[in-house]
Amino acid sequence: MASWSLDDLAYWDAKIRAQVDALGLDCYPQEFELCNHNDMLAYMAYSGIPSHYPHWSYGKSFEKLRTLYEYGLSGLPYEMVINSNPALAYLMRDNSLCLQVLTIAHVYGHNDFFKNNFTFKSTRAEFTIGTFKAHAERVRAYMEDPSIGADKVESILDAAHALSLQRRRNLAVKKLSPEEERRAMLRNAQAVHDPFKSIHRRPDYIEPDLQKVPLSPEPDILLFIRDHNPYLANWERDLLSIVDEEARYFIPQIETKIMNEGWASWVHREIMNAIELPQELHLEFLVRHNQVVRPTPGGINPYHLGLKVWTDLKRRFDEPTADELREHGTPAKTGMQKLLEVRETDRDQSFLRRFLTEELMREMDLFEYEPKGDDLVISKVADEHGWRAVKEQLIRSIGMGGIPVIRIEDADFGHKRTLYLTHDHDDRDLQLENGEKTLGYLYRLWGREVVLETVLAGKRTLLTFNDRGFSAKTLK
Amino acid sequence: MVDTIFRPFRSSEAERSDRSAGDRLRHRQKIRESIRENIADIIAEESIIGKSRDRVIKVPIRGIREYRFVYGDNIPGVGQGDGTSQPGQVVGANGQDGEGPGAEKAGDRPGVDYYETDVTLEDLIDIMFEDLDLPDLERKALRQLEAPRASKRRGYRQVGIRIRLDKHRTVKSRIKRKFAAERRRRAADDTNPIDAARDAALEASAETALTAPGADAPAAPPPARRFPFHVDDLVYRHVTTQMRRESNAVVICIMDTSGSMDTMKKYLARSFFFLLYQFICTKYRSVEIVFISHHTEASEVGEDEFFHKGESGGTFISSGYQKALDIIAERYHPSLWNVYAFHCSDGDNFDSDNTAALKAAHELADICNLFGYGEIKPLGSRYYESSMLNIFRRLDADNFQTVLIERKEDIWPSFRAFLAKDKEQD
């Protein structure tokens, strides 16, 4: 057993919370649960959710994590926080007191972020635990139902998991109902008011096609199938809803990884420096802190990048350099005010776009690499010519930027109920094997031919999956 | 703000609830299925041939992948350097299945799961043969070997050993007796009080029946309503050991070890026999195996020699067949034994021997249940070397089967083809 007691934790927790208040953070009530390494592995495998529905992929994830851990290839996280109200966090029982204190401070950073960042507003934190539990119960009930059974449930879940991230990303943008969408289409079809119409040629009126399904390209693939495939059973529809709801819950965490980890690291650093740790704890803290936030050579450590940007942002408002003063004038806010504002209003892509400066990129020596033959070769570095491109590349690859955008164009293509999808190609080609298998899953759920239009090696290509299997056809 | 809550660690709970167990089990099942599907590739790997059965081997299998739409490998990425990065520097190797540069990249692309799973050869062989049945060997009446088989339940007895006590039935028979006794007492109460008293006495003696032998029997009389077990209530499961009649089979492996059988050909032949041998060991308990290797002369050899020793010389296929016929005549008379013979050769027989070989093959086919000939012709060599396949075409016995093995991937399909032939006959 470690050399600390729950009373020690409560003692340091009180000190930390005083600092949390002093910083102006706004947290959900917090609960900590102590666990051993096996529990931690299990929580990691199930994304922290204490009661999650069963699926073999979590078993796989567990085995993988355990193997990595047992061979010493990766350590365990010091903590795990769940976006819920009250926020639930797990602490590893075998960690030292310093690590526990560090972790507690770090957890309050995440907690504050979950509660305030706009992307998390739609996750309904007060229902998190209950929702996941209800999902698990429903899935189990279907598995135990003799007319359904575990195999059929697994087959639907496999397919749904493959497509779960193919959904709208920005949860702050309202999804229009079909009625609203129809009205918007009619409105857009109206000719704009033109004061000089007597001398202009009138634009041709293009009649909007109100019979088309979907009216406009639809990114929510699972939900669309749920609502438009008449041959699905109710339990199948329910499984699709469950998987989609879970993806919606996790998308904010994908979208704010760098901000969130950077923010929590910034918060724990401020707090740990303010609570007057005894010297031996403080020295250990410095070591641990640097282990967490050190850069990963050749890669991107979200803790490091996030912390750098947050720190720099605060400095620019508290102690601007002469150049910055000349360019932006005297800041109207204190650094802390600015930080609290940004942690509410941004996500990774906007955060980096707005606050990752050329100087910072040069300091961190960010570079862009490209595959060339068998090697990955640096193509651009953050010098005055290259930094914008490197930044663009970084922004493009983080968060949901790593997931291809694919939308349903037509659910009755060629009047054969063929599902026609288009990939929003941005010079990044799809990986073909994955594409083939995922289309297979889509075919399983849709029950009719599915066609994906994409670009492969510069050529428009149709990937088709139907009862004869997969085929790819290049268009001229 | 509400107080923070710290929940202490409860080890009992942690040990009791292993909620990932079910999912892990399912995942392992899926891996097993995957091994089974790719078994042909796995056994084509050289490493398993000729190894002992309990050896652990590493089998590379594609993990059970979870597919999504993802970007391909040829997309650029962003990394962080140590301050000395210059365009043109190499930061990693491409094509490592989506891994970026650096050892612990934050993973914005999913990697390909490639497992090496440890399985013992025995497991692997079990998986291989799971859906493959060797023929019901044709039964021959005499001298059948009997092999003890798993015990089987055969009804119930009132005597038996403690461990086979059937609690459910015991309790049931006690309840039956209880109801019977009560009905009887009620009937007796109505008619004859003396009978009732006698029944009560009987019951009391039954109560002591079980407790009496024990030294620690309770001294106090049991409560009035208690209705204890009686020896007659006890029911034991009866178990018998079944003897299964095994068929009497001998498998004769004949391999060409002449000089024209180069390393590759020998390897293919051995792989084939290795499979056959393992298969027979898995499926049959009492099967005898004879190994014959031949060049211009044939000799019976041991297992080890058969799989590991090389020889050279010319080829007289008939010599191998003749040796097999001799051994059959001597030890395994076809009226008593099911005989299976398999021969692997490159078909490069000495011309003058062909007639003799065909004749011997005829004889073998007559007395064997199944006679197989596998011709090993690695790709490319097939066109300029003579082939026995043409000659054996004249042999139209139902139980004769030829296959052509051109590369190691053919071994498994041809192996199945051999066995399928036998199944068709059934």
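## Exercises on a predicted two-chain model

**Exercise 1.** Which residues of α4(A) and α11(A) meet, and how do these residues divide by class?

*Solution.* In this predicted model, the α4(A) side contributes Leu97(A), Cys98(A), Leu99(A), Val101(A) and Leu102(A), which meet Leu281(A), Glu284(A), Phe285(A) and Arg288(A) of α11(A). Sorting the residues of this contact by class gives 7 nonpolar, no polar and 2 charged. As for geometry, helix α4 (residues 97–116) of chain A and helix α11 (residues 279–293) of chain A pack at about 65° with axes 9 Å apart, and the crossing of α4(A) past α11(A) is right-handed.

**Exercise 2.** In what order do the 4 strands of the open sheet stand, and which strands are at its edges?

*Solution.* Reading across the open sheet, the order is β2(A)-β3(A)-β1(A)-β1(B), with mixed pairing. Each of β2 (79–82) of chain A and β1 (5–7) of chain B has a single partner strand, so one side of each lacks a neighbour in the sheet, and these two stand at the edges. Neighbouring strands are turned against each other by 20° on average, direction ignored. The partner of β2(A) is β3 (residues 87–92) of chain A, paired in the antiparallel sense over 4 bridges, where Val81(A) stands opposite Ala89(A). Helix α4(A) packs on this sheet, touching β1 (30–35), β2 and β3 of chain A, and its direction makes about 25° with that of β2(A).

**Exercise 3.** How many residues does the contact take from chain A and from chain B?

*Solution.* Chain A gives 73 residues and chain B gives 56 residues; on the side of chain A that touches chain B, there are 35 nonpolar, 21 polar and 17 charged residues.

How values were computed: Residues are numbered from 1 along each chain as its sequence is written. Chains are lettered from A and ligands numbered from 1 in the order in which they are written. This is a predicted model: local features need pLDDT of at least 70, side-chain atom pairs count only at pLDDT 80 or more; totals for chains, interfaces and linings use all residues. Axes are lines fitted to C-alpha atoms, for helices over the stretch in contact, and angles run from 0 to 180 degrees between N-to-C directions. A crossing is left-handed if the near helix is turned anticlockwise from the far one by less than a right angle, and right-handed if clockwise. Two residues are in contact if their C-beta atoms, placed from the backbone, lie within 7 Å. Ala, Val, Leu, Ile, Met, Phe, Trp, Tyr, Cys and Pro count as nonpolar, Asp, Glu, Lys and Arg as charged, and the others, Gly among them, as polar. Two strands pair if DSSP finds at least two bridges between them.
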